[in-house]
Amino acid sequence: MKNHILAILLFLNFWCVFAQDNNPKISLSFQNYSVEDVLKSIEEKINYRFYFVLDWLKGTSVSGSYENASVDEILTDIFNETLINYYIAKDGRVILTKNNIIYDALPDGFFGNTTQGTISENNNEEEESISAPVFFNEATTTQRTPVETIRIGKEDKNSNRKRFTLSGTVKNAVNGAPVPNLALVVQGKKIGTVTDTNGAFRIELPAGLNVIETQSLGFETALKRVIIYNDGRLDVTLNESYEGLKEVVIDADADKNVEDTNIGSTQIDVGEMKNIPLVLGERDIFKVATALPGITNVGEGAAGYNVRGGKTDQNLILLDDAVIYNPAHFFGIFSAINPFTSDEVTIYKGNIPARFGGRLSSVFDIRTKDANIEKFSGEASIGPVTSNLVLEMPLVKGKSGLLLGGRSTYSNWILRSLDEKELQKSKASFFDIIAKYNTKIDNKNSIKATGYFSRDAFSITSDSLYNYNNSLASLRWNHTFNDKHNGSVILSNSHYRFNIDFDGNEATNFKLGYAINETELKLQMKYLHSETHKFDYGISSKLYGVEPGSVEPGSSGSIIEPLTIPKERALESAVFVSDNFKVSDQLTLDAGVRYSIYAALGEAAQRIYEEGLPKGEETLLEVREFGSNKVIETYGNPEVRVGARYFFNPEFSVKASYNNAYQYIHSLSNNTTVSPTDTWKLSDINIRPQHARQYSLGFFKNFEDNMYELSLEGYYKRTDDILDYKVGAQLLLNEAIEQEVLQGEGKSYGVEFLLKKTKGKFNGWLGYTYSRSFVKLDGDFIEETVNNGDFFPSNYDKPHDISLVTNYKLTKRYSFSANFVYQTGRPVTVPVGNYILNDVEYVFYSDRNQLRIPDYYRLDISFNVEGNHKIKKFAHSFWNISIYNVLGKNNPYSVFFVTEAGEVKAYQSSIFSIPVPTITYNFKF
Amino acid sequence: MKLKNTYRFLFLALFISSTSCIDPFEFENETFESALVIEATITNELKHQEILLSRSYQFEEEGPNPETNAEVKIIGGNVSYLFQEVEPGKYLSEYPFSAIPNTEYQLFITTGNGRSYTSTPTQLTQGTQIDDLYAVREIDDNDVEGMSIYVDSYDPTGNSRHYRYEYEETYKIIAPRWVSKDLVVIDETRCLVDFAEKMQEERTCYNTEASLNINLVNTNGFSEDRISRHLIRFIDRDSYILNYRYSILVRQYVQSREAYAYYETLADFSGEGSLFSQSQPGFFGGNISSVANAQEKVIGFFDVSSVASKRIYFNYEDFFAGEPFPPYAVSCFEVHPEQFTAGGACGGLINGILTDEIIYVAGGTYVENMDPTIPLDSLLFGPFTMVIRACGDCTALGSNVVPDFWED
């Protein structure tokens, strides 16, 4: 009631003045005086003081002549034709206001009889606190929480300053993390600012009362009445808005869709994906990514992602700046990235910024959350396959914190407790752990350090045990030189290895191992030259070490001869610079160039083959030895990354880009999908780097105050020297791998349509992609030629791809979500005939990928229940009940032809052929 | 050394096994390519060497599709060995010969349509004996008890390296419900039956089966060229083939590196692969190509291998003395099918005998002849006790001829 009345009061602008009764009379005459001078004259004659903003009075001159006139009369005349109102206080101070009027009394009966207490309270507050009365200008009537009044600074009566600086930081009330990109708007005045990445803001406020409103997606809107007398500081903590969290919002900035210069980049806010239906209770960043246009995989359960027709080894997947080589658990059913510790993922699939390099198709830049530096907090989930626990703890309050996360599966326990003998013997276990330390040394320096380890172990035959692990560490030092110049030094190391222990026959037991290790040092600088030029530049250098394979006897009785394929080493360095150039309000260019230089280093032996003949033992000319650290081969290449954005209007833009890139490291796989035992090979004399060029063009439009985002993007991409393999190639423990490798061309193109609704009870997105992807392997010899040397569809060529992700909020606590996916079936290689050899029937393959498996479609639904929002509760809980593949569609994953008991049988396999229900329980404390 | 490729689909993990599935599906060739298939393994055994020629056939068809009227010859050491077609697609050398070391052999084929094919020159591989072939009673990796047949071999020169194994197993079968009499249908229209003495041996038979898998092993990466305890065959103890006497002949081919790689790829593509990752299949050529068109796809490998063989025998009692015998090949439950249906037509008895599905065990009585048009004094009527044919006639499962090599 109180607020309601106040609001009515404040909405009304009265063009009338309540003058004082006993005001002194003066005589005054002036001709073409400035208003300021007139006021000064008045001040000289009587003990009145005027308070105003000079700007308001500029440019008006007045004339007049008064005899024994009250100040009131004079001021009425002077300000008659202007927007200026004035208020004469009892103590002789005169406050000029623009637009608004200052009231010291209310018309009789204006509020009936009910208003007394309300108004007087406000008046009292003002009277006690300040001598210059100001009224609140509150525009909203719906805010229920009382608006806090904060007084900033000490009033200095001698100060003539009209504006004071308010600075401070905004933090998340739950975890103390800074809130970036938060808009602070002063109601009724055209003043506003936005917090920076550290949540800090700085705003010039007119003296007196200002009502500041905060606006951000995912946070409550907060109102602060700030009465400012002098420069001061205001720190604000905000509660997360759960309403905001339930929405599936991909872009953090409301108009980023149309505004960002970069075409083909996408952001996933990990916190917001919790309502998306899950398979087996695992939130998965990559699964969400594949629901976006341009990102696919071969099929459900397949590891590896194909971005815009690129191969699976062409994605640079970074976890806090360090490369993660195998981000999958259990072949690809689960992701190895802990969703609770991840903050945000930015995926670049079109114009990759010049600061990234080394992969052709995409960058997945995954950032781990900063730990809460204010209070201890945590999050946990219990699902049918895994459990997850994340703890955030402040180490030095307000300065540094540590985040620890761990996930583990209990599938081994499940397997062992089964009656089925075969299942009891099999093994499948995995876990991943992450730790991140963040500290703010001072306003100019901060350090972040991350360590990560994941491990998988599984057996598919009782006599072999496979295991693989990723370990990585990164250290990032951010330093601000000045307002315009800041930078980071990043040191990262990542390591991937797998082992196979074969324990079958005493004499032939062996252990086989593979490892790749890389260490990178990178300097990345940002220079905000001006509004029109913003530069990014830097330098990086990466050292690779690959242990391509070793085998050793598994037991003392084994006659396996130890064998180690010699280590490979290489150095990949780059310099890069890019300029975000604001040509005009409409046109922005992002022009970047990167020069990468790669050197394969000794000690190594390289085979030299006869030119123009297939590489084989017969054409081997010599084996050239290179000493330690001797350069075997160098490749240096300029990479151009250019993008542009043009605004037709603030809600509609067109973007275009041209991008080329080189990749010096290749994964070796002769499977149709990614397998954990795929190895990585460095370019050398015989294996050239891969190269890609991509052209893209897109139209971006936001509707209805950024509630709807619409984009239409097209791309055309050509790649050279992508790796493929001779039929039946043996890639593991092969010293002369180049004899098995083919290097061919790739071609892909597509159109991606995405419509997103970012706000409201019903939100989500609809994506449709039409894309094609082809490979051409055309050698001079039959074993180097596939499909007659013509372009043929790649294994992941799925022309039509529709994804619908929706969420409907019933209430603040209950919501429904549903996903629907439809994809054209992928191409598979099928026989072109059968034959009999040694009385056994076999199939005969010819051209690759001539048939498609049936189209894929799947519907998932989930129901989400949030715990209640009582503040004093120990933990905030969240239930997710999902059914994956609710239609029970038996989607074929692959088809294969097997010779069983001398006869050929055709089979198709599917991974999730029945509805899979899951319940997970999450809680935060 | 090679990782076992026999991945088993359905035991990866509970949650995958219960949701994933492997289903057979109907496949038909949309595109069909007719390719010449050449099966040509020449050995160091003195015999009529054999070459089989056929063509690929449609997936949904039954093979093989023999290639007739071809001219086949092998030239080796300035000698030309001509082959003659003895039955469609089967070509035997005119005279017995054996491949000898340090001689290059080359295969020449001209098909009926005039196209010529030739192999690369190939030499006989190193000959290595089978040191030991033995049977062991054990429990295998899948916790199944049975008999494992192992082979040991050793080449001190270290030149053999690549081995391929084939086997041929022969086992004795004794029909458990054999009786000396047969029940035969004497009048199909009237549904009449009578006893007859068995005309052939149907109690004890022998069956021989050849291996149908590709069994390869190499000693690359081993410190010595030694095959030790290499599994040739595993027989579940519940298999009836162990019931009386069992024999296995193992042939060990020493292959060239190229021939071995060819068979390895063949095995890889015809095996199960993993549920999650599958080898990229494609065409792989051997060492035979078309003379006129290098792009023509030719299937098969001209392999000149030295071969060694060994045979062993064992009885069930040798390993399972006093233990229950494995169940017979089929379940010998007794049935009493009706001779006539209620409508007077022939019942299951008559049809079962005529289709050789069931065989007589016991029962039946003679009844006075009541129909003078039937020229018999008396007629045989049921009830008859019948069993599935294999229970009373072992020729349903094997041959009643004792194999030449058989030793009891």
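Is A:I597 buried, partly exposed or exposed? With a relative accessible area of 40%, A:I597 is partly exposed. Keep in mind that this is a predicted model. The close-ups below start with the surroundings of this residue and then move on to rings and charges.

**View 1. A nonpolar patch on the surface of chain A takes in A:I597.** A:I597 lies in strand 35 of chain A. Which elements give two or more residues to it? In chain A, they are strand 29 (464–480), strand 30 (485–502), strand 31 (510–528) and strand 35 (587–601).

**View 2. Two phenylalanine rings, A:F431 and A:F453, form an aromatic pair.** Over all chains, the count comes to 56 aromatic pairs. In the one shown here, the rings of A:F431 and A:F453 are tilted, with 45° between the planes and 6.0 Å centre to centre. A:F431 sits in strand 27 (residues 427–442) of chain A and A:F453 in strand 28 (residues 445–461) of chain A, so the pair ties together parts that are 22 residues apart in sequence. A:F431 counts as partly exposed because its relative accessibility is 30%. A:F453 is partly exposed too, at 27% relative accessibility.

**View 3. Over in chain B, B:F269 and B:F284 make an edge-to-face pair.** Here the ring planes are 70° apart, and the distance is 5.6 Å centre to centre. B:F269 belongs to helix 2 (residues 257–270) of chain B, while B:F284 is in the loop between helix 2 and strand 20 (288–290) of chain B, so this pair ties together parts that are 15 residues apart in sequence.

**View 4. Two lysines of chain A meet phenylalanine rings: A:K655 with A:F700, and A:K747 with A:F774.** How far is the charged end of A:K655 from the centre of the A:F700 ring? It sits over that ring, 3.9 Å from the centre. A:K747, for its part, lies over the face of A:F774, and the distance to the ring centre is 5.7 Å.

How values were computed:
Residues numbered from 1 in each chain as written. Chains lettered and ligands numbered in written order. Predicted model: local features only at pLDDT ≥ 70, side-chain atom pairs only at ≥ 80, totals over all residues. Heavy atoms only, no water. Phe/Tyr/Trp six-rings, centres within 6.5 Å; stacked < 30°, edge-to-face > 60°. Helix = DSSP H or I, 4+ residues; strand = E, 2+ residues; numbered from the N terminus. Buried < 20%, exposed > 50% of the residue type's maximum accessible area, 1.4 Å probe, protein only. Lys NZ or Arg CZ within 6 Å of the ring centre and 35° of its normal. Patch = residues over 30% accessible without salt bridge, like charges linked within 9 Å, V, L, I, M, F, W, Y side chains within 5 Å. Areas by Shrake-Rupley, 256 points an atom, 1.4 Å probe, with all protein chains shown as cover. Salt bridge = Lys/Arg side-chain N within 4 Å of Asp/Glu carboxyl O.
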